[in-house]
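Please keep the sequence and the model in view while reading.

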Amino acid sequence: MKLSSSISPPPRRDDATAAIARPGCRALFLGFLQLGLSAFGGALPLAHRMLVEERRWVSADEFVELLGLCQFLPGGNVVNLAAALGARFRGVRGVLSALAGLLVVPTAISIALSAVYAHFQNNPVAQRLFDGLACAAVGLLIQMAFKLCQPVAVRPLLGGVALMCFIAIAALHWPLVWVFLIMVPLGMGASYLDRRFIGGVPEHE
Amino acid sequence: MNSQYDLLATLASLFGRLSLLSFGGVITVLPELQREVVGVHHWLTAQQFAALYALCRAAPGPNVLFLPMIGWRVAGLPGLLVCAVMTYGPPTLLAALTLKVWHHYRAHPGRKLIQSGLVPVTAGLVAASAALLTDSTAVTWPLAAIVALSALLALSTRLSPLWILLGGALLGLVLHA
């Protein structure tokens, strides 16, 4: 799994509140393996407990800052978190170890489940089971959307931008690139005005 | 043989593009993904797409697993590998490379502004994903009831998502008859 690529030295720790442990590749692999396997529907709360409280790879402040980066960048938040920590502690090999730990076993489990699905796809009884499962998964997605929209909806400007994004994608089927190019600047403008004139409190962190 | 390479190249460019656009997590690109996979390329039906998403939710691990799993369904192991590299590669590379810059600008007001500008966009996109997936799964009244019930339970209780998924599957078996 680990390529013999040049190992970039781990970034120096210049933070006074730096945490205690400095994991090697094996520890990164095992830590994220455990996280991946225990994460059902959202690994973030677990990630905080594991990284900050149990293994103490990062302090609580560092975790918030890292998470900010991982949520800001495209891609899965926890995958980005694993990559960022791997890079920080052990360079390229650390990234590969952390990602392999997080992803390989859950992928194998998903493949097994999808094989079961493919096998029983035309069986009417199993079909009902899978339909019900899919509906429950969509219900969970609605909950997630609700939780994200709640703090935004109470601020008219931000809520307006969110509503425009929703319409652009769900009703007008705009390509995502255009939505981002138009809506992110609008979102920044709305959030600036909201803070300046309506006196909003920051919605996260 | 050639068509297999064409397929993999199509997958690679699609997933590379989507992974770089997935600000706020992969859920935000679900509508675009569904449009390409179901509408444009006809690799899966809307029902299969929703079922695969559900299976990946039921399996442990991060949600983003769903993207490479489409590669697996469409083109087997080569598809899985190509899609995995294109899904995880660009964002994790960015994360690893921007760590120091991010730390350096931690107090810069511009950083806060960009971050907070993304918040309403992400919220709207996740809501759109939920609406579109509801549209393709809640096709009968009993199924719509399962969607609504699961959402209500998830919002109002601290029940583990796994129980909600299991309950949904069982209800599907009972109600759908």
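Helices, in the sense used here, are DSSP runs of H or I with at least four residues, numbered from the N terminus. The model in view is a predicted one, and every value below should be read accordingly.

Of the 205 residues in chain A, 47% are buried. Among the contacts in chain A that link residues at least 6 apart in sequence, 58% join residues at least 24 apart.

Most residues other than glycine have a negative phi. Arg56(A), however, has a phi near 55°, a positive value in a residue other than glycine. Its relative accessibility is 44%, and therefore Arg56(A) counts as partly exposed. The second case is His173(A), which is not a glycine either and has a positive phi of about 55°. This residue is found in the loop between H6 and H7 of chain A. Because its relative accessibility is 41%, His173(A) also counts as partly exposed.

The next topic is the nonpolar interior. In soluble globular proteins, nonpolar side chains tend to be buried together. The largest nonpolar core in this model has 113 residues, and the members that touch the most others are Phe32(A), Leu51(A), Leu30(B), Leu33(B), Phe49(B), Phe66(B) and Ile70(B). The element that gives the most to this core is helix H4 (residues 77-120) of chain A, with 16 residues. Apart from neighbours within four places in sequence, Phe66(B) is in contact with Leu30(B), Leu33(B), Phe49(B), Leu52(B), Tyr53(B) and Cys56(B).

The two chains also meet each other. How many residues does the contact take from each chain? Chain A provides 84 residues and chain B provides 88 residues. The size of an interface is often given as the accessible area lost when the parts come together. Between chain A and chain B, the buried area is about 8000 Å², and carbon and sulfur atoms give 78% of it. Several elements of chain A share in this surface: helix H1 (25-38), helix H3 (60-72), H4, helix H5 (124-153), helix H6 (156-171) and helix H7 (176-198) each supply at least two residues of the side that touches chain B. The largest share of that side, 24 residues, comes from H5(A). By class, the side of chain A that touches chain B has 56 nonpolar, 20 polar and eight charged residues. Across the interface, nine residue pairs are in polar contact, while the count of salt bridges between chain A and chain B is zero.

Arg17(B) forms a salt bridge with Glu36(B), the closest N and O atoms being 3.0 Å apart. Since Arg17(B) lies in helix H1 (residues 2-21) of chain B and Glu36(B) in helix H2 (residues 30-40) of chain B, the pair ties together parts that are 19 residues apart in sequence. Arg17(B) is partly exposed, with a relative accessible area of 31%, whereas Glu36(B) is buried, at 12%. A second pair consists of Glu32(B) and Arg35(B), whose side chains meet in a salt bridge of 3.3 Å, N to O. Both residues lie in helix H2 of chain B, three residues apart, about one turn of the helix. Glu32(B) is buried, with a relative accessible area of 4%, and Arg35(B) is partly exposed, with 31%. Through shared partners, salt bridges join Arg17(B), Glu32(B), Arg35(B) and Glu36(B) into one network.

Technical notes: Residues numbered from 1 in each chain as written. Chains lettered and ligands numbered in written order. Predicted model: local features only at pLDDT ≥ 70, side-chain atom pairs only at ≥ 80, totals over all residues. Heavy atoms only, no water. Core = buried A, V, L, I, M, F, W, Y, C linked by side-chain atoms within 4.5 Å. Buried < 20%, exposed > 50% of the residue type's maximum accessible area, 1.4 Å probe, protein only. Contact = heavy atoms within 4.5 Å. Buried area = accessible area lost by both parts, 1.4 Å probe. Salt bridge = Lys/Arg side-chain N within 4 Å of Asp/Glu carboxyl O. Polar contact = N/O pair within 3.5 Å; in protein donor to acceptor, adjacent residues only side chain to side chain. Nonpolar A, V, L, I, M, F, W, Y, C, P; charged D, E, K, R; others polar.
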